[in-house]
Amino acid sequence: MNPTLSVLRAIRGGVFTRADARACGYTDPDIDTLLSTGGWRRIRPGRYAAFRDLTLVTDETLHVRRTFQLLRESSGRIASHQSAAALHGLPLWGLDLSEVHLTLAAPEEIPGVLRGRVMAKPDVVRHVRSPVGPGVVAWNGIRLTSPPRAVAEVAATCPPAPAQAVADASLYSGLTTTAALRKATDHLIEGAERARGIVTRATSESASVAESRLRLILADAGLPMPSSSPPPGVDADQLGCSLWFPGERTVVEFEPYRPYWTDAADEGTPALTAYLAEAADRAFGVPRPGLPVDPSPAGHCWISWADLDDPVEVTERVRTAFARANRATAVRTLDPARRARRARRSAELSTQGPITRQS
């Protein structure tokens, strides 16, 4: 289910209409196919729900509903930060969802320019800006910051790992561009330098939260950047489960936990089915074609989702794989001077005659 329909579904308690699905890009044949195959269930005439989400209520769902409720209460409120990221369907892993973030202009009776963060209620944070700044869009009768601005706000105020995942997902899904993200950081009131660091590292090549976390760990450790090309023997569409370091002749495979959404990977498509099947195989130790069968050969290591909680261990395992590959594939050059020294030494020994042992 694409992010826009997921947000609508969460707001409306898990159900949505055919009109909602059409507005989010689904055609009538697509809708009929999902209904006939059981991917979606008809709750009542014209009302549907995704089968796998019928009984699932998460912190993300509750946050979206609370945000939508507060926005509908006043037209002057603008969803921002992680609350706007939630409405845009961006990944919320690792973000604090206990508070709804709203941006609004200073009241007219207060002169001058007001800027700051105000706790309006125990679970609501108001970011006061006058003016509110660029990058505000309207959607479904509410106002929220645009994808580039929401990403920049998250990057400026949230921990690096989840902020990096939000930035990578926005590029991977096509919601924004690197240029738009850089421009959005220039309009931040606080944390602009911190946000620029996240935006600079953001890449559209990362396809899951796990990959974004792994790339960030390796970058923080000063290890080389992986190639954008797949490793030898692996198709390009399998790259979402591995990183290829050609200079080190090493493949680092990982569990692609929480894949990002893209138009090319929706429910029912063979590509997504194959992608998740490969991830499950690797989680149970089943190797993919084209990669070594031995679990620890030269130039290969496997990183699970749980392993990412220990960055030091992950870095050490990757360094060990690099070193193992270097020992196995290093080219040893012949030193002519060393060969000449050995020849002179042999000549000297031959002129000394036989060596007699004295008792």
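Student: What should I know before reading the numbers?

Tutor: Residues are numbered from 1 along each chain as its sequence is written, and side-chain values use heavy atoms, leaving out hydrogens and water. In this predicted model, local features need pLDDT of at least 70 and side-chain atom pairs count only at pLDDT 80 or more, while totals for chains, interfaces and linings use all residues.

Student: Which residues of helix 9 are buried?

Tutor: Buried means under 20% relative accessible area, exposed over 50%, and partly exposed in between (1.4 Å probe, protein chains only). Helices (H or I, at least four residues) and strands (E, at least two) are DSSP runs, numbered from the N terminus. In helix 9 (residues 192–201), the buried ones are Ala192, Ala195, Ile198 and Val199. They lie on the same side of helix 9 because they cover an arc of only 120 degrees around the axis, taken from the directions from the helix axis to the C-beta atoms.

Student: What is on the face turned away from the buried side of helix 9?

Tutor: That face carries the exposed residues Glu193 and Thr200.

Student: Is Arg129 buried or exposed?

Tutor: Arg129, in strand 7 (residues 124–129), is buried, with a relative accessible area of 14%.

Student: Which residues touch the most other members of the largest nonpolar core?

Tutor: A nonpolar core is a set of buried Ala, Val, Leu, Ile, Met, Phe, Trp, Tyr and Cys residues joined through side-chain atoms within 4.5 Å. Here the largest has 60 residues, and Leu87, Leu214, Leu308 and Val318 touch the most other members. Helix 7 gives the largest share of this core, six residues.
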